[in-house]
Amino acid sequence: MSAEIRHKIQELCEEIADHQFKYYVLDAPSISDAAFDKLWKELVELEKKHPQYRLESSPTLQVGGGFSTSFAQFDHIEKMMSLDNVFDESELATWFDRIEKSGVKNSWLCEVKVDGLAINLLYEDGRLTRALTRGNGTTGEDVTLNIKTIKSVPTELSGKNLPATLEVRGEVFFPLQSFDELNDSLEEAGKPRFANPRNAAAGSLRQKDPKITASRPLDVVVHGIGAATGVSFEKQSTAYELLKGWGLPTSKRYKVVSSRNEVLDFIKGYEKDRHNVEHEIDGVVIKVNEISAQNSLGYTSRAPKWAIAYKYPPEEVVTKLLDIKVSVGRTGRVTPFAFMEPVKVAGSTVTNATLHNAQEIVRKGILIGDTVLIRKAGDVIPEVLAPVLEKRDGSERAFVMPSKCPDCASKLRAMSEGDVDIRCPNSQSCPAQVVERLFYIGSRSALDIDVLGYEAAAALLADKLVIDEGDLFGLTLKDLARSEFFKKKDSSLSVIADRFIAGLELAKTRPLWRILVALSIRHVGPTSAQALANKFGSIANIQKASAQELADIDGVGQVMAEAIVEWFSIDWHKQIVKKWEKAGVALVDAPKEKIKQTLAGLTLVVTGSLVDFTRDDAAEAITSRGGKASSSVSSKTDFLVAGDAAGSKLDKAQELGITILDEAGFKKLLEKGIN
């Protein structure tokens, strides 16, 4: 049972991280907000019941949106938090009870929850000096030039007694009135439509050319304060009044109340009128109004204890299910989806909805031709809930899962006994799988190659520039000249093609562990890839290792070891490695002898957020110096490195008397060791 729980927690962490990547980086979410919230809640409950299995990299310990494109990154002065959510009156009552049990007496500030892109505006001596996206809460993307094109954002504050430093938090949104006009213009230009206003706001703000952002009618509403010097606030509401007086775009849609019933009235009022607001909303935020009470209540590792978001239930509409089609993913998994008559829901028009797998279609009793109930909360692909049985006329028919892959015609099959999913076994040349793997190689999770998004991956294969990922690093500018994709954004080939070739050259120099991740070997993620790279030093050595030698490495284990051996036993996989090596991809790590083994024999645990190290960076710094990077605190732990919001691991280390280092102490230990 413990293994199943541990596996489920890991699976949920990976699934949530994947959806966060699609949501924040690609601006192309693949599940509804409600479905994401369900996954999140399931993970939170499992971790609460089984805290010993919570992963150090769990999304519940992070602030959502920790992904970056090509914009420069800078730290927020004060950490930018997320909000915890409740979904019904009972959960809200529990939150109220917890606040009141702490002895806090206060009024409540209620405000609509804007469904936009979080932003942090830094004013120094009244002048806007930097605008950052939230990022991972500690570090965000610099979008200052683009923010300055938004008319409602002042570049200089007005009034008297301006603070020396002021971080203002808010949301960038796309006004609903302009959203359909933008989509119509994109469609006329032959470009893809934005799925919803939130995606339109994110896509417009993340333009490299500020002129494009300036052409979009973006707006901002501010609702919070980070670091501030030279000013103090007694209440959240008075802070809003000061911000408004300085010329900042505060919301008029908030209210200070004194009772729970008044909070509920505010929630119900906006739920009824949610489509009469100038921007999309997905709920109401309730905050303790008194700042002293906020300070008393404090924060968890990712969210303030003094605020909560009441999320509205997802909207449901009915439409006609015209057909059920299937798509093929990176692993060959074949997923059915609903193709429907266009229907507008939650601010956007949809034609597709997820159906998960064939068993789920049978369980829900869905037939092609049914009128179906769908649920959506502002995302790209909603969910089909159920058929409307009274609408049936006898012409409906059952869906039959195809026996052959729609992309390559290979015979589909379950990959293991009891597997509810069927997969295309033609992993080498199935076009859908090749495109997905190319796309993954270009992602930040793997080699972070500029230009290599999904559209570029599809063009490479369609234009026969590559057969599979083995050909990727042999591409030249001459090859790219045969593809319209690499010319369409500029009258000449140079701009996008040069960026892509430069991205490939940079990717060739990535550390060995990233190369391992990019190969898409089953079960091999960043942590295990680093362990493999540090132990063996080259792809060749890993390829020659036995399953037992691999399994003996801490963090690998028998299942992963067998998957690695199996991967390298396949001829076309070996050809990929040979082609990459011939093209100059670094399949051997730089010699470790040059790095002084200052941590030899030591076990370190890193917890919380560090300024100059990601979790992967810290682990690599430890292992490259001969130490062991562990994920759990025990009597065998020599040092605990504690960053911001260290949590329970810090408490356990203190109980065991383990030496605790801050980031400066960690850097000193890396350099000099314990002597």
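**Entry 1. Surface and overall form**

I take accessible areas from the Shrake-Rupley method with a 1.4 Å probe. On that basis I record an accessible surface of about 32300 Å² for the protein chain, with 50% of that surface belonging to carbon and sulfur atoms. I note at the outset that this is a predicted model.

I looked up the make-up of the protein chain and found 24 helices and 20 strands. Its radius of gyration is 26 Å, close to the 26 Å that the globule rule gives for 675 residues, so I describe the chain as being as compact as a globular protein of that length. Along the principal axes, the C-alpha atoms fill a box of roughly 80 × 70 × 60 Å.

I then asked what share of the 675 residues counts as buried. The share is 50%. For contacts with a separation of 6 or more, I found that residues 24 or more positions apart account for 66%.

**Entry 2. Confidence**

I checked the confidence of the prediction. The mean pLDDT of the protein chain is 86, and 91% of its residues reach 70 or more. Where is confidence lowest, and where is it highest? The lowest mean, 70, falls in helix α5 (residues 176–188). Strand β7 (residues 165–173) has the highest, at 96.

**Entry 3. Aromatic rings**

One of the pairs I examined is formed by Tyr-240 and Tyr-254: the ring centres are 5.1 Å apart and the planes stand at 85°, so I class the pair as edge-to-face. The cut-off behind this step is that planes over 60 degrees apart count as edge-to-face.

I next placed these two residues along the chain. Tyr-240 belongs to helix α8 (residues 236–245) and Tyr-254 to strand β9 (residues 254–257); the two are 14 residues apart, and the pair links distant parts of the chain. Tyr-254 counts as partly exposed, at 24% relative accessibility.

Elsewhere I noted a cluster in which ring pairs link Trp-95, Phe-96 and Trp-108.

**Entry 4. Charges over rings**

I looked for charged side chains placed over aromatic rings and recorded two cases. Arg-130 lies over the face of Phe-74, 3.6 Å from the ring centre. The charged end of Lys-325 sits over the ring of Phe-339, at 4.3 Å from its centre.

**Entry 5. Leu-516 and Ile-521**

I located Leu-516 in helix α16 (residues 512–518). Leu-516 is buried, with a relative accessible area of 1%. Which residues does Leu-516 contact, leaving aside its neighbours within four places in sequence? I listed Ile-521, Ala-529, Leu-532, Ala-533, Ile-539 and Ile-542. I also took the separation of Leu-516 from Glu-124, 392 residues apart along the chain: their C-alpha atoms are separated by 45 Å.

Not counting residues up to four places away in sequence, Ile-521 touches Leu-516, Ala-563, Ile-564, Trp-567 and Phe-568. For Ile-521 and Ile-564, 43 residues apart in sequence, I recorded a C-alpha to C-alpha distance of 6.5 Å.

**Entry 6. Positive phi values**

I turned to backbone angles. Most residues other than glycine have a negative phi. I noted Asp-448, which is not a glycine and has a positive phi of about 55°. Asp-448 is found in the loop between α12 (431–442) and α13 (454–462), and at 39% relative accessibility Asp-448 counts as partly exposed.

I noted Lys-464 too, with a positive phi near 60° in a residue other than glycine. Lys-464 has its place in the loop between α13 and α14 (477–480). Lys-464 counts as exposed, at 69% relative accessibility.

**Entry 7. Helix α6**

Finally, I asked how many residues of helix α6 (residues 197–205) are buried. The helix is mostly covered, with nine of its nine residues buried. Among them I listed Pro-197, Arg-198, Asn-199, Gly-203, Ser-204 and Leu-205.

Key: Residues are numbered from 1 along each chain as its sequence is written. Side-chain values use heavy atoms; hydrogens and water are left out. Rings of Phe, Tyr and Trp (its six-membered ring) pair if their centres lie within 6.5 Å; planes under 30 degrees apart count as stacked, over 60 as edge-to-face and the rest as tilted. Helices (H or I, at least four residues) and strands (E, at least two) are DSSP runs, numbered from the N terminus. Buried means under 20% relative accessible area, exposed over 50%, partly exposed in between (1.4 Å probe, protein chains only). A charge sits over a ring if NZ of Lys or CZ of Arg is within 6 Å of the ring centre and within 35 degrees of the ring normal. The radius of gyration is taken over C-alpha atoms; the globule rule is 2.2 Å times the number of residues to the power 0.38. Contact means heavy atoms within 4.5 Å. pLDDT is the predictor's confidence in each residue, from 0 to 100.
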